[in-house]
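Please look over the chain shown below, which is a predicted model.

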Amino acid sequence: MSTIPMATLSSPSSILSSSTAKIPPAKPPPPSPSPSPSLFSTKPLATALTTTLATTTLLVSPPSIAAQPSTYHLYYGTAASAANYGGYGGNSDKKASAEYVYDVPDGWKERLVSKVEKGTNGTDSEFYNPKKRQEREYLTFLAGFRQLAPKDVVLNNLALSDVELQDLIAGADSFVSEEKKDENGQIYYVYEIDGIGKHSLIAVTCAKNKLYAHFVNAPAPEWKRDEDTLRHIHDSFKTVGQF
(Lines give C-alpha, C1' and ligand atoms only; values in the text may rest on other atoms or scores of the structure.)
Protein backbone atom coordinates (compact mmCIF):
# COMPACT_ATOMS: atom_id res chain seq x y z
CA MET A 1 0.00 0.00 0.00
CA SER A 2 1.53 3.32 -1.10
CA THR A 3 1.56 6.42 1.05
CA ILE A 4 0.53 9.84 -0.40
CA PRO A 5 2.85 12.65 0.84
CA MET A 6 1.09 15.06 3.20
CA ALA A 7 2.44 18.07 1.30
CA THR A 8 0.50 17.00 -1.73
CA LEU A 9 -2.80 16.98 0.16
CA SER A 10 -2.38 20.25 2.08
CA SER A 11 -0.36 22.41 -0.26
CA PRO A 12 -1.98 25.84 -0.47
CA SER A 13 -0.29 26.54 -3.76
CA SER A 14 -1.92 23.59 -5.42
CA ILE A 15 -5.37 24.66 -4.21
CA LEU A 16 -4.85 28.30 -5.25
CA SER A 17 -3.46 27.38 -8.63
CA SER A 18 -6.44 25.23 -9.44
CA SER A 19 -8.84 27.92 -8.18
CA THR A 20 -7.30 30.81 -10.08
CA ALA A 21 -6.70 29.04 -13.36
CA LYS A 22 -8.29 30.85 -16.31
CA ILE A 23 -11.31 29.09 -17.77
CA PRO A 24 -11.88 29.75 -21.42
CA PRO A 25 -15.23 31.45 -22.14
CA ALA A 26 -18.05 29.13 -23.13
CA LYS A 27 -19.02 29.21 -26.76
CA PRO A 28 -22.55 30.39 -27.45
CA PRO A 29 -24.87 27.59 -28.50
CA PRO A 30 -25.38 27.31 -32.24
CA PRO A 31 -28.56 29.01 -33.46
CA SER A 32 -31.56 26.75 -33.69
CA PRO A 33 -32.51 25.91 -37.26
CA SER A 34 -35.50 27.91 -38.53
CA PRO A 35 -38.69 25.88 -38.65
CA SER A 36 -39.72 24.77 -42.08
CA PRO A 37 -42.23 27.21 -43.55
CA SER A 38 -44.23 24.32 -44.89
CA LEU A 39 -44.80 22.92 -41.39
CA PHE A 40 -45.10 25.98 -39.16
CA SER A 41 -46.76 29.35 -39.59
CA THR A 42 -44.53 32.40 -39.07
CA LYS A 43 -47.57 34.57 -38.22
CA PRO A 44 -48.02 35.83 -34.67
CA LEU A 45 -50.30 33.64 -32.57
CA ALA A 46 -53.15 36.17 -32.53
CA THR A 47 -53.06 36.51 -36.31
CA ALA A 48 -52.98 32.77 -36.80
CA LEU A 49 -55.95 32.29 -34.48
CA THR A 50 -57.90 35.02 -36.24
CA THR A 51 -57.24 33.40 -39.62
CA THR A 52 -58.26 29.99 -38.30
CA LEU A 53 -61.50 31.33 -36.83
CA ALA A 54 -62.33 33.20 -40.02
CA THR A 55 -61.79 30.05 -42.08
CA THR A 56 -63.97 28.03 -39.70
CA THR A 57 -66.72 30.65 -39.91
CA LEU A 58 -66.71 30.51 -43.71
CA LEU A 59 -66.99 26.75 -43.65
CA VAL A 60 -69.95 26.56 -41.26
CA SER A 61 -71.89 29.68 -42.25
CA PRO A 62 -75.47 28.90 -43.32
CA PRO A 63 -76.46 29.53 -46.95
CA SER A 64 -77.88 32.93 -47.87
CA ILE A 65 -81.59 33.54 -47.62
CA ALA A 66 -81.84 33.74 -51.40
CA ALA A 67 -80.42 30.19 -51.70
CA GLN A 68 -82.95 28.64 -49.31
CA PRO A 69 -86.11 27.11 -50.79
CA SER A 70 -89.19 29.30 -50.59
CA THR A 71 -92.55 28.27 -49.15
CA TYR A 72 -95.83 29.14 -50.80
CA HIS A 73 -99.55 29.40 -50.29
CA LEU A 74 -102.22 28.73 -52.90
CA TYR A 75 -104.26 31.63 -54.22
CA TYR A 76 -107.78 31.03 -55.54
CA GLY A 77 -108.86 33.47 -58.27
CA THR A 78 -112.47 34.01 -59.26
CA ALA A 79 -112.11 36.05 -62.48
CA ALA A 80 -115.31 37.86 -61.56
CA SER A 81 -116.52 40.71 -63.72
CA ALA A 82 -116.23 44.30 -62.49
CA ALA A 83 -119.98 44.34 -61.83
CA ASN A 84 -119.71 41.28 -59.54
CA TYR A 85 -116.36 42.22 -58.00
CA GLY A 86 -116.17 40.94 -54.42
CA GLY A 87 -119.26 38.77 -54.63
CA TYR A 88 -122.39 39.50 -52.66
CA GLY A 89 -121.46 42.01 -50.00
CA GLY A 90 -117.78 41.36 -50.66
CA ASN A 91 -117.85 38.06 -48.77
CA SER A 92 -117.59 35.60 -51.66
CA ASP A 93 -115.98 32.25 -50.87
CA LYS A 94 -113.06 32.35 -53.29
CA LYS A 95 -112.15 28.69 -52.95
CA ALA A 96 -115.70 27.58 -53.82
CA SER A 97 -115.99 29.93 -56.80
CA ALA A 98 -112.37 29.82 -58.01
CA GLU A 99 -111.67 29.59 -61.73
CA TYR A 100 -107.86 29.46 -61.49
CA VAL A 101 -105.10 29.00 -58.93
CA TYR A 102 -101.43 29.87 -58.57
CA ASP A 103 -98.79 29.78 -55.84
CA VAL A 104 -97.73 32.91 -53.96
CA PRO A 105 -94.41 33.04 -52.05
CA ASP A 106 -94.91 33.51 -48.32
CA GLY A 107 -94.24 37.13 -47.38
CA TRP A 108 -95.52 38.59 -50.65
CA LYS A 109 -98.33 41.13 -50.35
CA GLU A 110 -101.60 41.33 -52.26
CA ARG A 111 -102.40 44.51 -54.13
CA LEU A 112 -106.12 45.20 -54.17
CA VAL A 113 -107.37 45.68 -57.72
CA SER A 114 -109.97 48.41 -58.25
CA LYS A 115 -113.20 47.92 -60.20
CA VAL A 116 -112.00 50.49 -62.74
CA GLU A 117 -108.78 48.56 -63.37
CA LYS A 118 -110.64 45.27 -63.58
CA GLY A 119 -113.06 46.78 -66.09
CA THR A 120 -110.42 48.42 -68.33
CA ASN A 121 -107.57 45.88 -68.63
CA GLY A 122 -109.06 42.79 -66.99
CA THR A 123 -106.61 42.58 -64.06
CA ASP A 124 -108.11 40.13 -61.56
CA SER A 125 -105.36 39.64 -58.95
CA GLU A 126 -101.83 40.73 -58.15
CA PHE A 127 -99.13 39.98 -55.56
CA TYR A 128 -95.73 41.60 -55.12
CA ASN A 129 -92.53 41.26 -53.14
CA PRO A 130 -92.58 44.06 -50.52
CA LYS A 131 -88.77 44.22 -50.63
CA LYS A 132 -88.88 44.94 -54.37
CA ARG A 133 -92.33 45.94 -55.60
CA GLN A 134 -91.42 45.43 -59.27
CA GLU A 135 -91.00 41.71 -58.55
CA ARG A 136 -94.60 40.56 -58.91
CA GLU A 137 -97.15 38.20 -60.38
CA TYR A 138 -100.61 39.06 -61.62
CA LEU A 139 -103.44 37.66 -63.70
CA THR A 140 -105.65 39.26 -66.34
CA PHE A 141 -108.63 37.73 -68.11
CA LEU A 142 -110.82 38.55 -71.09
CA ALA A 143 -114.30 37.15 -71.64
CA GLY A 144 -115.64 35.78 -74.92
CA PHE A 145 -112.77 33.49 -75.98
CA ARG A 146 -113.62 29.91 -76.77
CA GLN A 147 -110.13 28.96 -77.95
CA LEU A 148 -106.67 30.37 -78.37
CA ALA A 149 -105.64 32.27 -81.48
CA PRO A 150 -102.07 31.83 -82.86
CA LYS A 151 -99.35 32.59 -80.31
CA ASP A 152 -98.17 35.89 -81.80
CA VAL A 153 -101.76 37.18 -82.15
CA VAL A 154 -102.55 36.36 -78.51
CA LEU A 155 -99.49 38.18 -77.20
CA ASN A 156 -100.11 41.25 -79.34
CA ASN A 157 -103.73 41.42 -78.13
CA LEU A 158 -102.57 41.25 -74.52
CA ALA A 159 -100.14 44.09 -75.14
CA LEU A 160 -102.92 46.36 -76.43
CA SER A 161 -104.10 46.99 -72.85
CA ASP A 162 -100.69 46.67 -71.17
CA VAL A 163 -98.22 49.46 -71.96
CA GLU A 164 -95.55 47.83 -69.83
CA LEU A 165 -95.82 44.65 -71.92
CA GLN A 166 -95.64 46.69 -75.13
CA ASP A 167 -92.35 48.25 -74.00
CA LEU A 168 -90.96 44.90 -72.92
CA ILE A 169 -91.69 43.29 -76.29
CA ALA A 170 -90.33 46.28 -78.23
CA GLY A 171 -87.00 46.23 -76.38
CA ALA A 172 -86.64 42.46 -75.93
CA ASP A 173 -83.13 41.00 -76.10
CA SER A 174 -84.59 37.50 -76.48
CA PHE A 175 -88.05 36.07 -76.94
CA VAL A 176 -89.21 32.45 -76.65
CA SER A 177 -92.73 31.08 -77.11
CA GLU A 178 -94.02 27.54 -77.01
CA GLU A 179 -97.23 25.54 -76.75
CA LYS A 180 -97.77 23.03 -73.96
CA LYS A 181 -100.54 20.62 -73.00
CA ASP A 182 -101.38 19.47 -69.52
CA GLU A 183 -102.43 15.93 -68.57
CA ASN A 184 -106.02 16.70 -69.63
CA GLY A 185 -105.06 18.08 -73.02
CA GLN A 186 -105.64 21.74 -72.14
CA ILE A 187 -103.39 24.02 -74.19
CA TYR A 188 -101.15 26.68 -72.61
CA TYR A 189 -99.07 29.22 -74.47
CA VAL A 190 -95.85 29.98 -72.61
CA TYR A 191 -93.76 33.07 -73.32
CA GLU A 192 -90.39 34.10 -71.89
CA ILE A 193 -89.16 37.62 -72.62
CA ASP A 194 -85.75 38.93 -71.60
CA GLY A 195 -85.92 42.70 -71.97
CA ILE A 196 -83.82 45.70 -71.04
CA GLY A 197 -83.28 45.31 -67.30
CA LYS A 198 -86.34 43.09 -66.89
CA HIS A 199 -87.46 39.48 -67.30
CA SER A 200 -91.01 38.21 -67.84
CA LEU A 201 -92.74 34.81 -67.86
CA ILE A 202 -96.28 34.61 -69.26
CA ALA A 203 -98.73 31.69 -69.40
CA VAL A 204 -101.97 31.96 -71.39
CA THR A 205 -104.89 29.53 -71.69
CA CYS A 206 -108.61 29.42 -72.46
CA ALA A 207 -111.34 27.89 -70.31
CA LYS A 208 -115.01 28.62 -69.64
CA ASN A 209 -115.15 31.06 -72.58
CA LYS A 210 -112.41 33.20 -71.02
CA LEU A 211 -108.79 33.88 -71.83
CA TYR A 212 -106.51 33.84 -68.75
CA ALA A 213 -103.02 35.34 -68.79
CA HIS A 214 -100.69 34.89 -65.83
CA PHE A 215 -97.64 37.19 -65.64
CA VAL A 216 -94.46 36.89 -63.56
CA ASN A 217 -92.19 39.95 -63.84
CA ALA A 218 -88.90 40.85 -62.17
CA PRO A 219 -86.05 43.34 -62.68
CA ALA A 220 -82.84 41.70 -63.95
CA PRO A 221 -81.04 41.58 -60.54
CA GLU A 222 -84.03 39.94 -58.82
CA TRP A 223 -84.47 37.53 -61.72
CA LYS A 224 -80.90 36.31 -61.31
CA ARG A 225 -81.34 35.96 -57.56
CA ASP A 226 -84.85 34.45 -57.46
CA GLU A 227 -85.12 32.59 -60.77
CA ASP A 228 -86.10 29.26 -59.17
CA THR A 229 -88.90 30.89 -57.14
CA LEU A 230 -90.17 32.90 -60.11
CA ARG A 231 -90.24 29.87 -62.38
CA HIS A 232 -92.07 27.91 -59.69
CA ILE A 233 -94.90 30.41 -59.40
CA HIS A 234 -95.05 30.64 -63.20
CA ASP A 235 -95.43 26.85 -63.50
CA SER A 236 -98.02 26.75 -60.69
CA PHE A 237 -100.71 28.59 -62.65
CA LYS A 238 -103.66 26.35 -63.63
CA THR A 239 -107.35 26.74 -64.29
CA VAL A 240 -109.64 25.02 -61.83
CA GLY A 241 -109.94 21.27 -62.31
CA GLN A 242 -106.29 20.98 -63.43
CA PHE A 243 -104.60 20.73 -60.02
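Q: In which sense do β1 and strand β2 pair, and over how many bridges?
A: In this predicted model, the open sheet of 3 strands has the order β1-β2-β10, and its edge strands are β1 (72-77) and β10 (238-239), each of which pairs on one side only. Strand β2 covers residues 100-105, and its pairing with β1 is antiparallel, over 6 bridges.

Q: Which helix packs on the sheet that contains β1, β2 and β10?
A: The edges of this sheet are β1 and β10. The helix that packs on the sheet touches β1, β2 and β10, its direction makes about 165 degrees with that of β2, and it spans residues 220-235: helix α8.

Q: Which strands stand at the edges of the open sheet of 7 strands?
A: The order of the strands in this sheet is β3-β4-β5-β9-β8-β7-β6, with antiparallel pairing. An edge strand here has a single partner strand, so one side of it is left without a neighbour in the sheet, and this holds for β3 (109-110) and β6 (174-181).

Q: Which residue of β7 is the bridge partner of Ser 174?
A: Strand β6 pairs with strand β7 (residues 187-195) in the antiparallel sense over 8 bridges. Within β7, the bridge partner of Ser 174 is Asp 194.

Q: At about what angle to β9 does α8 run?
A: Helix α8, which also packs on the sheet with β1, β2 and β10, lies across β4 (123-129), β5 (132-143), β7, β8 and β9. Its angle to β9 is about 150 degrees.

Q: Does His 234 count as buried or exposed?
A: His 234 has its place in helix α8, and, leaving aside neighbours within four places in sequence, this histidine is in contact with Val 190, Leu 201, Ile 202, Ala 203, His 214 and Val 216. Buried means under 20% relative accessible area. Because the relative accessibility of His 234 is 7%, this residue counts as buried.

Q: Is Ala 79 buried or exposed?
A: Ala 79 lies in the loop between β1 and α4 (94-97), and its phi is near 50 degrees, a positive value in a residue other than glycine. With a relative accessible area of 1%, Ala 79 is buried.

Q: How does Asn 209 count at 41% relative accessibility: buried, partly exposed or exposed?
A: Asn 209 is found in the loop between β8 (198-207) and β9 (210-219), and its phi, near 60 degrees, is likewise positive in a residue other than glycine. The class between under 20% and over 50% is the one that applies, so at 41% Asn 209 counts as partly exposed.

Q: How many residues are in the largest nonpolar core?
A: In soluble globular proteins, nonpolar side chains tend to be buried together. Here β2, β5, β8, β9 and α8 each supply at least two residues of the largest core; Leu 230, one of the residues that touch the most other members, has contacts beyond four places in sequence that include Trp 108, Leu 201 and Val 216. The number of residues in the largest nonpolar core is 20.

Q: What percentage of the residues of the chain count as buried?
A: The chain contains 8 helices and 10 strands, and it exposes about 15,900 Å², of which carbon and sulfur atoms supply 59%. Of its 243 residues, the share that count as buried is 33%.

Methods: Residues numbered from 1 in each chain as written. Predicted model: local features only at pLDDT ≥ 70, side-chain atom pairs only at ≥ 80, totals over all residues. Heavy atoms only, no water. Pairing = 2+ DSSP bridges. Helix = DSSP H or I, 4+ residues; strand = E, 2+ residues; numbered from the N terminus. Contact = heavy atoms within 4.5 Å. Axes fitted to C-alpha atoms, helices over the stretch in contact; angles between N-to-C directions. Buried < 20%, exposed > 50% of the residue type's maximum accessible area, 1.4 Å probe, protein only. Core = buried A, V, L, I, M, F, W, Y, C linked by side-chain atoms within 4.5 Å. Areas by Shrake-Rupley, 256 points an atom, 1.4 Å probe, with all protein chains shown as cover.
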